[in-house]
Amino acid sequence: MLNETYDVLIIGSGHAGGMAAKILTEYGIRCLMLNAGPVADVSHDAEKKPAYELPFRGFRPPGRLEHVFQSNEFNANVWVDEQEVPYTVEDDQPYNWVRVRLFGGRSLFWSRQSFRLSDYEFKAKSRDGFGEDWPISQADLAPYYSRVEGIFRVAGAMDGPPQMPNGNFVIDDAPWTSAMQRFIDVAKPKGIPVCKQRAALGRDGLASSVNLLLPDAEKTGKLTSIANAVVREITVDQNTGLPNGCNFVDRLSHREMSVKARVVVLAAGTLESTRLLLNSKLANSSGLVGRYLMDQIYGAGVVCSVPEARNGKSKGVMGSSAIIPRFRNIDTKSAKFLRGYAFNTTASTGSVGPRNFAAYGAELQRKMDEYYGSGFHMSIMGEVLGRYENHVQIDKDRKDAWGIPVLHVDTKYTDNEFNMAKDAVDTACELASEAGFEVLSKNDKPNPPGYSIHEVGTCRMGNDPKKSVLNKFSQSHDHKNLFVVDGAQFTSAGWQNPTMTILSLSMRASEYLAGEMLRQNI
């Protein structure tokens, strides 16, 4: 098998890699997919244990997952072990890099929020002068968004303003609960839109690459997949200077192997794809591989209580959730920050966390019982600006368990992000108070960079090879047979969950690549 030369080598099996495999194989193109981890088999690899039987009683094992706040002892084997695959940071600049190497990657665990970018993101520089415009517009990507939304069965309502384009939805026409309607009535006169959430329903309990994309590729008979293949570097044909495959290591045996392919498609995730390019010394004539690391600010927000829902009276009052899309810097300009933020808003029917009460013991229990089912939560998703100085590079002094040099992450938030978070919390408190809700707690300090798990931008696309790494079809300016189809290609981050955009860009790039290969241009 490894002695063959494949048409396309796809590195990574998440949403980006799965979409590339689906599209390319349906065009009759023979693909080899490498994934750094195993196939998830819950029936074989999972077991139920009470916390008291675990060494750390269910808490996070020390040292292994220091930056994965989502982890605990029950799910520790899901995430990449930071002792096996470390990364380094500046002492005063923490970064949370959350990784999954199971087949399907993080597509197995995403929150399923499904938004399109708008021209407020694609053409942001034209509006405010910062950064660079994308080389594509919302209209260019709209047909692909629609197809992706159909595959992933995105539920939503056709209620989006221009900054949150509508799409191909399973229509959500459920009525708002009274608490959310009261909030909407307060927000509307202020020009703040409150819209139905947009979330992928998926199928059979999953909205992942492994159940919605890879099965289609496998049915064609054109896809070969190898698990536990840790890619060391992309190889290059010495005569043409073009990528021609890769060297990889078996995760379990540490056996060194290689494979050849006419085209290489990187879909390992923003930072892993970037790490691979840097270690391979490829696609970097611009010097921008690893530059302009972005994500979204998370963590800032407000927790409120709806008084009439307390003491078990939440029925009919609570239960709705909403998205408040970006409303700052749309028609007017803020003097304190560029771009904008959105709110995830939930009128919860569950418990209100104990940290929201200045009480303990019996008094704390009484408060929690009284406030149960009355929580109204507003949490921020704010755009992080793409800055040259926010970057990753190879740390030549550290290697992973397979001897591959690791990444050093050097990034931090600026006053733009901090001012945005403060404005968001002030606005949330104002809206909640006018709606008659009690503000229980507020936090205007974002979590460290990376916490959103939406890292993008380190191989951005653009028309000018001196200012970008990829062209508008996710193709390397330097190597016509090298494509990067994951979040690394983003030119700006936006406030939106990037998944729908990654899927749509991968679909678009893969169809372009298929056409070029069939025309023998690649």
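1. No disulfides are found: the count is zero, a disulfide being taken as a pair of cysteine sulfur atoms within 2.5 Å. Cysteine 246 is accordingly in no disulfide, and the nearest cysteine sulfur, in cysteine 31, lies 14 Å away. The model is a predicted one, in which local features need pLDDT of at least 70 and side-chain atom pairs count only at pLDDT 80 or more, while totals for chains, interfaces and linings use all residues. Residues are numbered from 1 along each chain as its sequence is written, and side-chain values use heavy atoms, with hydrogens and water left out.

2. Cysteine 246 is buried, at a relative accessible area of 0%, where buried means under 20%, exposed over 50% and partly exposed in between, for a 1.4 Å probe and protein chains only. Cysteine 304 also counts as buried, at 0% relative accessibility, and its sulfur is 6.6 Å from the closest cysteine sulfur, that of cysteine 429, which is too far for a bond.

3. Two cavities of 30 Å³ or more are counted, a cavity being a set of points on a 1 Å grid over the protein atoms alone where a 1.4 Å probe fits but cannot get out, with lining residues having an atom within 4 Å of a point. The largest has a volume of about 80 Å³, and of the 16 residues that line this cavity, Gly131, Glu132, Gly386, Thr491 and Ser492 lie nearest its centre.

4. The second largest cavity has a volume of about 40 Å³, and its lining includes Tyr95, Asp295, Asn390, Thr411 and Tyr413.

Notes
1 Å grid on protein atoms, 1.4 Å probe; cavity = no way out; pocket = protein on both sides within 12 Å on 5 of 7 lines; lining within 4 Å. Points joined across faces, edges and corners; volume = space filled by probe spheres on them.
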